[in-house]
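Look at the model below.

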Amino acid sequence: MPDATSDSDEAILECARQYACLVAAFPYAHRDFSQSFWMQMDNFLEQGEQLTRLVKRKRQRRLAADILSSVIARGEIKRTISTSEAEAIRRYYATPSISRLATLSGDELSGLADLTEGWAQDKQLDRRSMIELLGWSDGMRSLVDAVGLNYMPPPSPMGSKPPLFKYFATKMRRR
C-alpha cells in the first residue's frame, strides 16, 4: 500500500493510477488470469478507499468542532467562517474517492466535475453545500488528472444497477 503518513491525496491517486493500469490491461489478459486481475483491481479499490477514509479523518482534525458537526451532519454552518476554514472544509470534501473509477470514465468524471462546480454557483445553497460541491469537483478532477481523460472503467457485472453519479454523467452527455 502506498504511504499515507500525511493528508496528501498522492497515495490515493497512486492507487488510482495502478488500478487504471490493471483496468487497461484487463481486456488483453488471458482468460486464465482474468479472475486474478479482478482480485487485484478490487484490492486497489479497497486500498484506495482505506486511504480515503484515513485522509478524511486527518482532514477532519483541522476543522473546528462546530464546523465538523455541520460537515458530518451535512447541515448548514451557522456562523461566518474564515477563508482558511472554508479551505479546510473544501479539502475534506475534495478527498478523491477511487471507487468512482469502477463505473465512471475519465470523460464522465470530468463532466461531473463541471456539473458539480456549476451547481455550487446556485445562490440558494448554504455555504457548506457550496463548499462541498466545489470539493467534490476538485476530487473528481484530481482523479481525472491521475488516470487520464481517456480512462474507461471495467465492464459492469450483468444486472448491476449503475450508481447515481453514472446516471447524472449519462444524462449530461446526452445534452
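## Overall fold

The protein chain has 7 helices and 0 strands. Both kinds of element are DSSP runs, numbered from the N terminus: helices are H or I with at least four residues, strands are E with at least two. From the N terminus on, the order reads α-α-α-α-α-α-α.

This is a predicted model, in which local features need pLDDT of at least 70 and side-chain atom pairs count only at pLDDT 80 or more, while totals for chains, interfaces and linings use all residues. Residues are numbered from 1 along each chain as its sequence is written, and side-chain values use heavy atoms, with hydrogens and water left out.

## Size and surface

The C-alpha atoms fill a box of roughly 60 × 40 × 25 Å, taken along the principal axes. A compact globule of 175 residues would have a radius of gyration near 16 Å; the protein chain has 17 Å, which agrees. That radius is taken over C-alpha atoms, and the globule rule is 2.2 Å times the number of residues to the power 0.38.

Buried residues make up 41% of the 175 residues. Buried means under 20% relative accessible area, exposed over 50%, and partly exposed in between (1.4 Å probe, protein chains only).

## Helix α5

Helix α5 covers residues 106-119. At 1.5 Å a residue, its 14 residues should span 20 Å, and its end C-alpha atoms are 20 Å apart, which agrees. The expected span is 1.5 Å times one less than the number of residues.

Which residues of α5 are buried? They are Gly106, Glu108, Leu109, Gly111, Leu112, Ala113, Leu115 and Thr116.

## Aromatic rings

The whole structure holds 3 aromatic pairs. Rings of Phe, Tyr and Trp (its six-membered ring) pair if their centres lie within 6.5 Å; planes under 30 degrees apart count as stacked, over 60 as edge-to-face and the rest as tilted. Phe26 and Trp38 have ring centres 5.0 Å apart and planes at 65°, so this pair is edge-to-face. Phe26 lies in the loop between α1 (10-25) and α2 (34-60), and Trp38 in helix α2, so the pair ties together parts 12 residues apart in sequence. Phe26 counts as buried at 15% relative accessibility. Trp38, at 28%, counts as partly exposed. Phe26, Phe37 and Trp38 form one aromatic cluster.

Tyr92 and Tyr93 have ring centres 5.2 Å apart and planes at 75°, so they too are edge-to-face. Tyr92 is buried at 10% relative accessibility, and Tyr93 is buried at 6%. The charged end of Lys56 sits over the ring of Tyr92, 4.5 Å from its centre. This needs NZ of Lys or CZ of Arg within 6 Å of the ring centre and within 35 degrees of the ring normal.
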